[in-house]
Amino acid sequence: MTLVNQIKVEPDNNGLIELYHLLKPRVMWLAVYTAAVSMFLAPGETNLFLCIVSIICISVGAGAAGALNMWWDQEVDKLMVRTSNRPLPSGNISPDDAFVYGMSLSIFSVMFLGLVANWLAAFLLAFTIFFYVVIYSMLLKKRTVQNIVIGGAAGAMPPVIGWIAVTSNFSVEPMLLFTLIFFWTPPHFWALSVVMKDDYQKAKIPMFPVVYGIQETRKKIFQYTFLILACSQLVASSSVGGLFFFIIANILNAYLLYLSFKIFRKKSTNDWNLELKFFKFTIVYLFLFFGTLVIQKVIGSNGVQSFSWLI
């Protein structure tokens, strides 16, 4: 089995399953997870009903953005092995149905979040959908090598939306989580784009390895890893951090840095196992990073005071 086949999603002719795949479920669940953790970390009493409804709205909004992205990218998806079996290229869902589905879910998620939580959170959800579909998919993706760098802001918004849905206010903590995901996104996708370089080249998408080559991309992955590490230290020193989080986060950081350094030193241009390993670990990294924040709050967060002597 090739690396492409390891990533490729097999088609499913069941209509409901196709509608589910149209939501880009892997991206959607990551948005749900980071938003839910942010809600849990937010100060004040937690309203369970509000949290559940807000999470549903954020998940539906994220899925709606994914559906509209697939609607816009249907011709590009046909050209790429990894995406050729998606619902639209495979012909299992019509473009018109996908557009109506995505727009309906967008309107529902934004309006319901505004009515149940607050309109600031609803506005940010609407802006996130707009940013992902219009700014990233329509304007950036095929025009600039910085597509995933700028477009990553959409995927970094759920913690901010979740926090504001609960508190109605901006705060430094969700902005730090936003920044970490923002810097996490480019190396995560650049590692995949090295593996899928031929696909992106065929589809004429200017991903970093297509424009600047594999070795330069490896250097960028290594450089961005340090930005992730720096952001993790800021999160650790904030009110949602603590000594336990500081220790676990830096264990994760050490392995992430180790993998990125191995990629940076790598010379082979026909073996992508290390890049694929890095890509998969970045998903684990983010899951454990946010999970550790939950554990830190449960056991008691002391913020800066718990390890101020270390910094």
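Contact means heavy atoms within 4.5 Å. The structure shown in these views is a predicted model.

View A. Lys141 is in contact with Asp73, Tyr136, Asn147, Ile205 and Pro206, leaving aside its neighbours within four places in sequence. Lys141 and Pro206 are 65 residues apart along the chain, and their C-alpha atoms are separated by 7.5 Å. With a relative accessibility of 12%, Lys141 counts as buried, because the cut-off for buried is under 20% relative accessible area.

**View B. Gln74 in helix α5.** Helix α5 spans residues 74–79, and Gln74 has its place there. Gln74 has a relative accessible area of 14% and is buried. When its neighbours within four places in sequence are left aside, Gln74 is in contact with Leu88, Pro89 and Pro95.

**View C. Ser232 in helix α13.** The helix that holds Ser232 runs over residues 214–236. Ser232 is buried, at 1% relative accessibility. Its side chain makes a polar contact of 2.9 Å with the side chain of Gln233. Apart from neighbours within four places in sequence, the residues in contact with Ser232 are Leu180, Phe245, Asn253, Tyr285 and Phe289. One of these, Leu180, falls in helix α10 (residues 172–195). Ser232 and Lys141, the residue of View A, are 91 residues apart in sequence; from C-alpha to C-alpha they are 28 Å apart in space.

**View D. Ser193 in helix α10.** Ser193 counts as buried, its relative accessibility being 0%. Tyr200, Met207 and Pro209 are in contact with Ser193, again leaving aside its neighbours within four places in sequence. Helix α10, where Ser193 has its place, also takes part in the helix pair of View E.

**View E. Crossing of helices α3 and α10.** Helix α3 comprises residues 25–41 and helix α10 residues 172–195; their axes come within 11 Å and cross at roughly 155°. The two helices are therefore roughly antiparallel, since angles over 145 degrees are counted in that class. The crossing in which α3 passes α10 is right-handed. On the α3 side the contact is made by Leu30, Thr34, Ser38 and Leu41, and on the α10 side by Pro174, Leu177, Ile181 and Trp184. By class, the residues of this contact are 6 nonpolar and 2 polar, with no charged residues.

View F. Ala154, Gly155 and Ala156 of α8 meet Pro158, Pro159 and Val160 of α9. This contact has 5 nonpolar residues, 1 polar residue and no charged residues.

Conventions
Residues numbered from 1 in each chain as written. Predicted model: local features only at pLDDT ≥ 70, side-chain atom pairs only at ≥ 80, totals over all residues. Heavy atoms only, no water. Helix = DSSP H or I, 4+ residues; strand = E, 2+ residues; numbered from the N terminus. Buried < 20%, exposed > 50% of the residue type's maximum accessible area, 1.4 Å probe, protein only. Polar contact = N/O pair within 3.5 Å; in protein donor to acceptor, adjacent residues only side chain to side chain. Axes fitted to C-alpha atoms, helices over the stretch in contact; angles between N-to-C directions. Parallel < 35°, antiparallel > 145°, perpendicular 65-115°, else oblique. Left-handed = near helix turned anticlockwise from the far one by under 90°. Nonpolar A, V, L, I, M, F, W, Y, C, P; charged D, E, K, R; others polar.
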